[in-house]
Amino acid sequence: MCYTWVLFRQESNNVEGIVTAAMVARRLLADECDGTGVVRRSSTAKMAADAKQIEDYIISSINAAYERALGAANAKSVAEHEHPLRILAEDVKIIAERDATIFTPIFSRWNSQSIAISASLLHSLYGRELKPFLDGVSHFSEDVTSVLPAADILEQCLIELVYSVDEEDELNGCYKQGMSPYQIEAICAPMIMRWINNQVGKIIEWVERAIQQEKWDPLSSQLRHGASIVEIYRIIEETLDQFFNFNLPMRFPQLKGLLTGFDNALKLYSQNVVSQLVDKDILIPPAPILTRYKKDTAMNSFTRKKIADTGSIDESRCSHFNDLSTSKLCVRLNSLHYLLIQLSILEDNSRARWVQTRPRRSSIEEDLESISASSKPVDGFSTIFDGTNEAVNGAIMKICDFTGVKIIFWDMRQQFLYSLYKGSVSEARVETVIHDLDSVLGQLCDIIVHPLRDQVVIALLQASMDGFVRVLLDGGPSRVFSQEDSRMLDEDLQLLKDFFMAGGDGLPHGVVESSLAPVQQITNLYSLGTHTVIKNLMHASEQPVVGSDSTRYGKKSAKDADTLLRVLCHRSDREASKFLKKQYSLPKSAGYEDAPSKESPFSAFAGASSVSDLLKRTTSFHFPADGQRSFRLLKQKIQEATLEFKQGGW
């Protein structure tokens, strides 16, 4: 009996009756041949004979069906210009599925291994045709990407059918062992890795090119990030689609290799975004030389300083600073924020697609326990993009910090560094600074995405505190403060606090208070009497010197000897001036010239490459020879003065 025609036409209404009749007829013939008409065989022998008869039916019919499918595939290949092995794999899969659906329920009455017999036979027949093709595979081609996925799908289908039979049946194990794997995974693995390395290299090149072409203008009023990050994610998503559309057997390390390549590309993007900035310390001018107060100096110095401020500044460096406008810096931040949002989507999408497409069996020899273990690598997704997350968050912090410093120390240098409290506190209060800050903050909030707003405003708050303390401690000879000025300083600090809190709509109260606390301690020093400040200075000079970041004025300690010394330098009374003259030989403010002969004081740092370079340039400022002292010598003087102060006063 042959049921090949049923496999193709699904006309199975009478199959069960036909098979039953054939089985009964065979038994009758067997009994008739025995000659006695008496059943002599045991029931076990009868069952074995029935199973063998069904196996013969299956083998003969499957062979016939396969030969018919092979001929049809060759003919269809010519007509449709498709590889015959792909067509054959699809047709064989149809045969196996129809056999499992239509005949297995019938044949399993006499042979429990009927589905394993047909599936293992189809696996062997197709494998014979596939092997010569696999032997010639060395790289991805149109035929390879067409045949291998179809062959792998067929093999997985046939394996599932074999494994669907009762595992305790000894015969089932024989059919499993008799199926020689196609080894498609082993053949594809090196080709997939070569493809991954090639694609990652292209993405890296695209990142570098996209950064070079980026103008840092927002795409629209709603999409406030740059075009480069959108293009990079488009390339990444297309690459990921290609990877999964191979439909080839693969392991998690291969996917991890691709995702790690994405991670490296995105880290490179964030690094390039930051590398186009300058060191924020370059934006902070060198501290002016320390001098002691001389009556009627401040206004004279104001006149000289004003002329110096309008001097020439290195044009190329100035142009670069101005190109880094607040709006363009915000677009950089928005682009990095967009990167993080899309990174989370990329991770979730990769995980979901891997769970859907990863093979349940990479080889026939895997048992159910190893199949279950194959899901464990999915957990590896949680750490793949850690490098990008760290790099991007670090870049966001650095750009925020740079933005705050640039606004205060470059964009608003005239209003803040050069004008605040110049001449006298009462004539140059902080209201003008706040007015300009309000304009800048409005522009910033119009562009920056909401999740980053507080972070960048906090950076602006900190830079404002740095600028405020810079004026108090390194304001030059044109800034002098009396004990009575402390009230106005406190009022101005409160105005800055209210501005950043914005009546509850701005930064949190605790954040603002934390930033203002060290600044408040410094303003409190100006309310102390000169004698008290001198005593505090003597005490502080005995303590170990702790290094600090000279660019973070808002972090300076009110108990530090450096801070206390600078408070005395800006103190407008004779007692402080006398002390500074005797103990440190500081020059009078009248002997200090604010500007070099040809350059602006700000141009002195315009070409500097580091903070140390900037500080070295302070020696170019002109003041009397007896006032030239390095800060190291001043520290030494503090120690000597402390001893003298204890022994006999000053």
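User: What does glutamate 347 touch, not counting residues up to four places away in sequence?
Analyst: Glutamate 347 touches Phe381, Ser382 and Phe385. Contact means heavy atoms within 4.5 Å.

User: Where is glutamate 347 placed?
Analyst: In helix H13, residues 326-357. Helices are DSSP runs (H or I, at least four residues; strands are E, at least two), numbered from the N terminus.

User: Is glutamate 347 buried or exposed?
Analyst: Glutamate 347 is buried, because its relative accessible area is 17%. Buried means under 20%, exposed over 50%, partly exposed in between, with a 1.4 Å probe and protein chains only.

User: Quick check on provenance and numbering?
Analyst: This is a predicted model: local features need pLDDT of at least 70, side-chain atom pairs count only at pLDDT 80 or more, and totals for chains, interfaces and linings use all residues. Residues are numbered from 1 along each chain as its sequence is written, and side-chain values use heavy atoms, leaving out hydrogens and water.

User: Back to Phe381. Which ring does phenylalanine 381 pair with?
Analyst: First, the count: there are 13 aromatic pairs. Rings of Phe, Tyr and Trp (its six-membered ring) pair if their centres lie within 6.5 Å; planes under 30 degrees apart are stacked, over 60 edge-to-face, the rest tilted. Phenylalanine 381 pairs with phenylalanine 252: centres 5.2 Å apart, planes at 75 degrees, so edge-to-face. The pair links distant parts of the chain, 129 residues apart. Phenylalanine 252 is in helix H10 (residues 252-275) and phenylalanine 381 in helix H15 (residues 381-384).

User: Why do phenylalanine 252 and phenylalanine 381 count as buried?
Analyst: Phenylalanine 252 does because its relative accessibility is 7%. Phenylalanine 381 does because its relative accessible area is 0%.

User: Which residues form an aromatic cluster?
Analyst: Phe140, Trp195, Phe243, Phe244 and Phe246 form one. Both phenylalanine 243 and phenylalanine 244 are buried. Their ring centres are 5.3 Å apart with planes at 85 degrees, so that pair is edge-to-face.

User: What sits over the ring of tryptophan 410?
Analyst: The charged end of arginine 413, 4.0 Å from the ring centre. The rule: NZ of Lys or CZ of Arg within 6 Å of the ring centre and within 35 degrees of the ring normal.

User: New topic: lysine 406. Buried or exposed?
Analyst: Lysine 406 is buried, because its relative accessible area is 3%. Lysine 406 lies in helix H16 (residues 386-411).

User: What does lysine 406 touch?
Analyst: Leu283, Phe321, Leu324, Ser325, Leu329 and Asp411, not counting residues up to four places away in sequence. Phenylalanine 321 is 85 residues from lysine 406 along the chain, yet their C-alpha atoms are separated by 8.3 Å.

User: Where is the kink in H20?
Analyst: At alanine 517, about 40 degrees, shortly before proline 518. The bend is the angle between axes fitted to the seven residues ending at a residue and the seven starting there.

User: What does H20 pack against?
Analyst: Its buried residues pack against helices H18 (450-473), H19 (486-501), H21 (530-541) and H22 (561-569). Among those buried residues are Leu516, Pro518 and Val519.

User: Zooming out, how many helices and strands?
Analyst: The protein has 25 helices and zero strands. Of its 650 residues, 50% count as buried.
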